[in-house]
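I am going through this model in short entries, starting with the cavity and then turning to helix packing.

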Amino acid sequence: MTLLADRFSTIFRDEHRAVRDALLELLEAFEQRSCEQAMDRLLYIAALTGPHFRYEEETMYPSLVPTFGTDYVRRLYVDHDGAIASAKRLVALAGQDELSDADVTEAVALVRTILPHVSDCDGLSLMVERLSDADVQSILDARDRCNEAGIDLLSWDEKVRKEPSLPVA
Ligand SMILES: [Fe+2]
Ligand SMILES: [Fe+2]
C-alpha cells in the first residue's frame with residue numbers, strides 16, 4: 001500500500017466514523033422523542049454526507065468498476081438511493097411537533113437501514129488501496145472539490161444528482 005492510499009483510507013475511515021456517531025445520536029434523539037435534537041442531527045448528517053456521497057458517486061465508485069464489476073457497483077448507488085429516501089422521510093418525521101410510538105418505531109427502523117451502508121462503504125477502502133496513485137489522487141481531488149462546493153445531501157439530490165441509481169459508465 002502506498003502512502004497516498006494509506007492517507008485516503010485514514011480520511012475515509014474518519015468520515016465514516018463521524019457519520020456513524022451522528023447516526024447513533026440520531027437514533028437516540030428519536031428514542032427520546034426529541035424532534036429538535038433529531039432535526040439537529042439530521043441537518044448535520046446531511047451536511048457531512050452531501051459531499052461524501054458526491055465524491056463517491058462521481059469518482060470513487062466508477063473507479064471500482066474494474067475491481068468489482070458493474071453489478072456490485074450499481075448496488076452501491078442503489079444503497080445511496082435508499083439512504084437519501086430514508087433521510088427525506090426522517091426529516092419529515094422530525095419536522096413534526098411530536099412523535100407518536102409509530103413514528104419512533106419507523107424512524108429507528110429507517111436509521112437502521114442507513115447504518116449498514118456506513119460500515120459496508122468503509123470496507124471499500126480495502127479495494128481503493130489497490131488502485132494506482134493517480135486514481136487515488138483523483139478521488140482525493142474530487143473530495144476536495146465536493147467539500148468546497150459543500151452541498152448538503154438533500155440539495156445535492158434535488159439539484160445536482162441527475163437520477164436515482166446513476167448508471168455506471
Ligand atoms: Fe462512504
Ligand atoms: Fe457510500
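How do the residues of the lining of the largest cavity divide into nonpolar, polar and charged? I am working from a predicted model, and in it I count 15 nonpolar residues, four polar and one charged in that lining.

Entry on the cavity. I looked for cavities of 30 Å³ or more and the count came to one. I noted a volume of about 200 Å³ for the largest cavity. I find 20 residues lining it, and Ile45, Thr49, Phe53, Ile114 and Leu153 lie nearest its centre.

Entry on where the lining comes from. I list helix H1 (3-31), helix H2 (35-63), helix H4 (70-94), helix H5 (101-123) and helix H8 (153-159), each of which supplies at least two residues of the lining. I then asked which helix gives the largest share. H2 does, with seven residues.

Next I looked up how some of these helices pack. Two packed helices are described by the angle between their axes and the distance between the axes.

Entry on H1 and H2. I read a crossing of roughly 150° for this pair, with the axes coming within 9 Å. The cut-off for roughly antiparallel is over 145 degrees, so H1 is roughly antiparallel to H2. H1 passes H2 in a left-handed crossing. From H1 I list Phe8, Phe12, Glu15, His16, Ala18, Val19, Ala22, Leu23, Glu25, Leu26, Ala29 and Phe30 in the contact. On the H2 side I note, among others, Leu42, Ile45, Leu48, Thr49, His52 and Tyr55. By class, I get 16 nonpolar, four polar and four charged residues for the contact of H1 with H2.

Entry on H1 and H5. I find the axes of these helices 10 Å apart, with a packing angle of about 170°. H1 and H5 are therefore roughly antiparallel to each other. Residues of H1 that meet H5 include Phe12, His16, Val19, Leu23, Leu27 and Phe30. In H5, the residues that meet H1 include Val104, Val108, Val111, Ile114, Leu115 and Val118. I class the residues of this contact of H1 with H5 as 15 nonpolar, one polar and five charged.

Entry on H2 and H4. I have the axes of H2 and H4 coming within 10 Å and crossing at roughly 160°. That makes H2 roughly antiparallel to H4. I record the crossing of H2 and H4 as left-handed. In H2, I note Cys35, Ala38, Met39, Leu42, Phe53, Glu56, Glu57, Tyr61 and Pro62 as the residues that meet H4. Their partners in H4 are Val73, Leu76, Tyr77, His80, Ala83, Ile84, Leu90, Val91 and Ala94. I count 15 nonpolar, one polar and two charged residues in the contact of H2 with H4.

Note on methods. Residues are numbered from 1 along each chain as its sequence is written. Chains are lettered from A and ligands numbered from 1 in the order in which they are written. This is a predicted model: local features need pLDDT of at least 70, side-chain atom pairs count only at pLDDT 80 or more; totals for chains, interfaces and linings use all residues. Side-chain values use heavy atoms; hydrogens and water are left out. On a 1 Å grid over the protein atoms alone, a cavity is a set of points where a 1.4 Å probe fits but cannot get out, and a pocket is an open set with protein on both sides within 12 Å along at least five of seven lines; lining residues have an atom within 4 Å of a point. Grid points are joined across faces, edges and corners, and a volume is the space filled by probe spheres set on the points. Helices (H or I, at least four residues) and strands (E, at least two) are DSSP runs, numbered from the N terminus. Ala, Val, Leu, Ile, Met, Phe, Trp, Tyr, Cys and Pro count as nonpolar, Asp, Glu, Lys and Arg as charged, and the others, Gly among them, as polar. Axes are lines fitted to C-alpha atoms, for helices over the stretch in contact, and angles run from 0 to 180 degrees between N-to-C directions. Angles under 35 degrees count as roughly parallel, over 145 as roughly antiparallel, 65 to 115 as roughly perpendicular and the rest as oblique. Contact means heavy atoms within 4.5 Å. A crossing is left-handed if the near helix is turned anticlockwise from the far one by less than a right angle, and right-handed if clockwise.
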